[in-house]
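Please view the sequence and the structure together while reading.

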Amino acid sequence: MAVSLLVSAAVTVTSCSSNDDDDDLLLPPTFKLLDFEGTRIALAGPDSYGANLYAIYTGDDKFIEGEIGVEEGVTLKFGLNNSTYYNAPDFSAGGMVLSQWNYRTNKPGQTDENWWKSYENQCSVYNFNSQNGLNQGAGAGGSNTFAVINGYDSPYGEGARFEFTAGASYEIVSMMICPTSYVYGIITEGNPMDSNNPDKSLKEQKGWFKILAYGFDAEGNPTNDGNPVEKYICDYRDGAETEIPISNVWSEWSLSKLGKVNSVKFDFDGSSRNEYGLLTPAYMCIDNILLRLRD
């Protein structure tokens with residue numbers, strides 16, 4: 001596929017990677033696997049906090065939005081939500097970005113014992129199958145690059161989303177998901193933002209946390225009768241049919257029930273809340289989006 005470079009240094013359009021093309025050779029021609037490898041899109045950096053995702057950042061590697069090639073004339077588009085405070089795209093308002101960070105413990109020289117499970121490490125994936133901190137092989141299937149989504153619908157923000165350009169719609173057969181280190185640490189070791197249970201894990205609280213995906217057609221109408229497809233990231237309730245522990249590896253999530261979609265918006269819900277809303281960080285990593293291009 002052709003590769004297009006936009007004028008703005010903050011926005012890059014790229015084709016699927018060569019690795020992705022190799023994967024396509026193993027798929028019927030009606031399918032496409034998007035794995036985020038080999039793009040020219042600016043990655044979250046220069047550290048795992050992702051300073052280049054914020055409106056006040058002035059470096060050449062600033063990220064605002066990007067596009068990944070799907071097929072001729074169509075890309076998958078994603079980026080940062082607009083912040084009402086800055087009146088500009090800013091990760092504090094949520095969005096979807098690319099990352100290769102993989103700190104599951106504190107990095108060398110870091111003295112704050114809680115750093116790895118804080119927003120200062122918000123762009124790291126908690127993938128136990130990769131080598132901690134080396135930023136290599138952290139994606140699904142041992143790839144290097146994955147996406148981080150941040151945000152949920154509330155009076156203070158909105159969920160992350162992606163869309164297909166040119167009015168295209170596809171069935172999303174599946175994608176791979178994995179918790180960020182921030183989410184994993186808060187769920188397993190306690191949340192300092194929870195004034196009632198700052199040192200209790202979600203399991204000790206018999207709590208739960210889930211991700212939801214809503215589909216929309218090219219006119220903005222909901223698919224699947226407006227119902228989301230959801231997946232529990234963890235569920236420790238006594239009444240749960242089966243306890244679902246939080247995963248430390250990539251797992252598959254089917255979105256086929258949404259039908260053919262032009263865009264997808266992600267949301268989160270959970271048991272840990274206060275009067276302002278959800279307390280569990282609304283983050284997740286996604287990778288290897290498998291599309292059915294046509295029937």
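Asn224 is located in the loop between β11 (208-216) and β12 (229-235), where helices (H or I, at least four residues) and strands (E, at least two) are DSSP runs numbered from the N terminus. This is a predicted model, in which local features need pLDDT of at least 70 and side-chain atom pairs count only at pLDDT 80 or more, while totals for chains, interfaces and linings use all residues. Residues are numbered from 1 along each chain as its sequence is written, and side-chain values use heavy atoms, with hydrogens and water left out.

**Backbone geometry**

Most residues other than glycine have a negative phi, and most peptide bonds are trans. Asn224 has a positive phi, near 55 degrees, in a residue other than glycine, and with a relative accessible area of 28% Asn224 is partly exposed; here buried means under 20% relative accessible area, exposed over 50%, and partly exposed in between (1.4 Å probe, protein chains only). Phe36, which is not a glycine either, has a positive phi of about 70 degrees. Phe36 belongs to the loop between β2 and β3 and is buried, its relative accessible area being 2%. Pro46 also lies in the loop between β2 (31-34) and β3 (65-71), and the peptide bond that leads from Gly45 to Pro46 is cis, with omega near 0 degrees.

**Helix α2**

Why is helix α2 described as largely enclosed by the rest of the structure? Seven of the nine residues of α2 (residues 181-189) are buried, so the helix is largely enclosed. The buried residues are Ser181, Tyr182, Val183, Tyr184, Gly185, Ile186 and Ile187, and the buried residues of α2 pack against β11, β12 and β18 (283-292), with contact meaning heavy atoms within 4.5 Å. Just after α2, Gly190 adopts a positive phi of about 110 degrees.

**Salt bridges**

Side chains of opposite charge can pair when their charged atoms come close. With a salt bridge taken as a side-chain nitrogen of Lys or Arg within 4 Å of a carboxyl oxygen of Asp or Glu, the count comes to eight salt bridges, including those in the table.

| Salt bridge | Closest N and O atoms |
|---|---|
| Arg294 and Glu71 | 2.7 Å |
| Glu171 and Arg292 | 2.8 Å |
| Lys203 and Glu243 | 3.9 Å |

Arg294 forms a salt bridge with Glu71, and the pair links distant parts of the chain, 223 residues apart, with Arg294 in the segment after β18 and Glu71 in strand β3. Arg294 counts as partly exposed at 37% relative accessibility.

Glu171 forms a salt bridge with Arg292; Glu171 lies in strand β10 (residues 170-178) and Arg292 in strand β18, so the pair ties together parts that are 121 residues apart in sequence. Glu171 counts as buried at 16% relative accessibility, whereas Arg292 is partly exposed, with a relative accessible area of 28%.

Lys203 forms a salt bridge with Glu243; Lys203 lies in the loop between α2 and β11 and Glu243 in the loop between β12 and β13 (251-253), so this pair ties together parts that are 40 residues apart in sequence. Lys203 counts as partly exposed at 47% relative accessibility, and Glu243 is partly exposed, with a relative accessible area of 43%.
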